[in-house]
Amino acid sequence: MRRLLAAALLWLCLLPPAWTQATRCEAEVRRAAATLGQIYRQWPLRPTGDRVEQGAQYVAARLGRNETSSGRQWRVHVVRDTKLNAFSIGDGHIFLTEGMLRFVANEGELAAVIAHEFGHHLAGHFCTTARKRGFVGGLFGGHEGEGATRSRVGTLTAVVDPQKEREADRIATVVLERAGYDPHHALELAMRVARSGSPAHFQYKHRIEALQELLAGRPPDPITQPDSGEFLEMKRTLWREDALR
Ligand SMILES: [Zn+2]
């Protein structure tokens, strides 16, 4: 029995971990709180608890059920913006634009967007040293490495680092699978965004190639999962609002 237990333990130790979940650090919490205050003051956000926000939050909660050990409360905010965008500021705060919520074709694609943001958190991309005023390296989950590009989001500066994007995508595939979503949704979405000509960071060609590499040898799930009532209600609310414009 003891030998069996020792063998099992050794086997477990030899198993490569999917990744080491980075817990939130003090700097991340502090910076996220400051950025959140800035965003609340300056950006038009949908009210907490409305149908659109609830639909997105439902998907985040489904993904987050398996990702509790990092100590973060996963919270989705919806920005009233027609542009295609998704980004994070750390400490579990994820921002999605209405444009992105309109664009996703199904719940799996929305899960892929949110799982990618989980990936930035779980990789520890927000635990960085202090930055200069007005600079939020954590937006989009990047910080400056080789090949990083900067862009403005309102009064904040965002950085997209290709290496960090690949890391977030790698983690996202595991997060998606654990929650019962087919990770191929991430690739489908990236390809659709790329074709749309949007300046969103999903369109980067190297990201599509990296996703193709990640998913090579893993055939798509042959059974299409139905969208949840929460997701469909979110879509219906957006359609109704569009019809009234
Ligand atoms: Zn990203």
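**Exercise 1.** Determine how much accessible surface the chain has, and what share of that surface belongs to carbon and sulfur atoms.

*Solution.* Step 1: the accessible surface of the chain comes to about 12,400 Å², computed by the Shrake-Rupley method with a 1.4 Å probe. Step 2: carbon and sulfur atoms contribute 56% of this surface. Step 3: among the 245 residues of the chain, 51% count as buried (buried means under 20% relative accessible area, exposed over 50%, partly exposed in between, with a 1.4 Å probe and protein chains only).

This is a predicted model, in which local features need pLDDT of at least 70 and side-chain atom pairs count only at pLDDT 80 or more, while totals for chains, interfaces and linings use all residues. Residues are numbered from 1 along each chain as its sequence is written, and side-chain values use heavy atoms, with hydrogens and water left out.

**Exercise 2.** State how many helices and strands the chain has.

*Solution.* Step 1: there are nine helices and five strands (DSSP runs numbered from the N terminus: helices are H or I with at least four residues, strands are E with at least two). Step 2: along the sequence, these elements follow the pattern α-α-α-β-β-β-α-α-β-β-α-α-α-α.

**Exercise 3.** Identify the protein donors of the zinc ion and describe the site.

*Solution.* Step 2: the spacing of the donor residues in sequence is H-x3-H-x44-E. Step 3: H116 belongs to helix α5 (residues 107-122) and E165 to helix α6 (residues 162-178), so the pair ties together parts that are 49 residues apart in sequence. Step 4: the angles among the four donor atoms run from 50 to 127°, and the site is irregular (four donors count as tetrahedral if all angles lie between 85 and 135 degrees; four count as square planar and six as octahedral if opposite donors are over 155 degrees apart and all others between 65 and 115; anything else is irregular).

**Exercise 4.** Decide whether H116 and E165 are buried or exposed.

*Solution.* Step 1: H116 has 1% relative accessibility and therefore counts as buried. Step 2: E165 is likewise buried, with a relative accessible area of 1%.

How values were computed: Donors are N, O and S atoms within 2.8 Å of the metal (3.2 Å for Na, K and Ca); water is not among the atoms, so sites may look incomplete.
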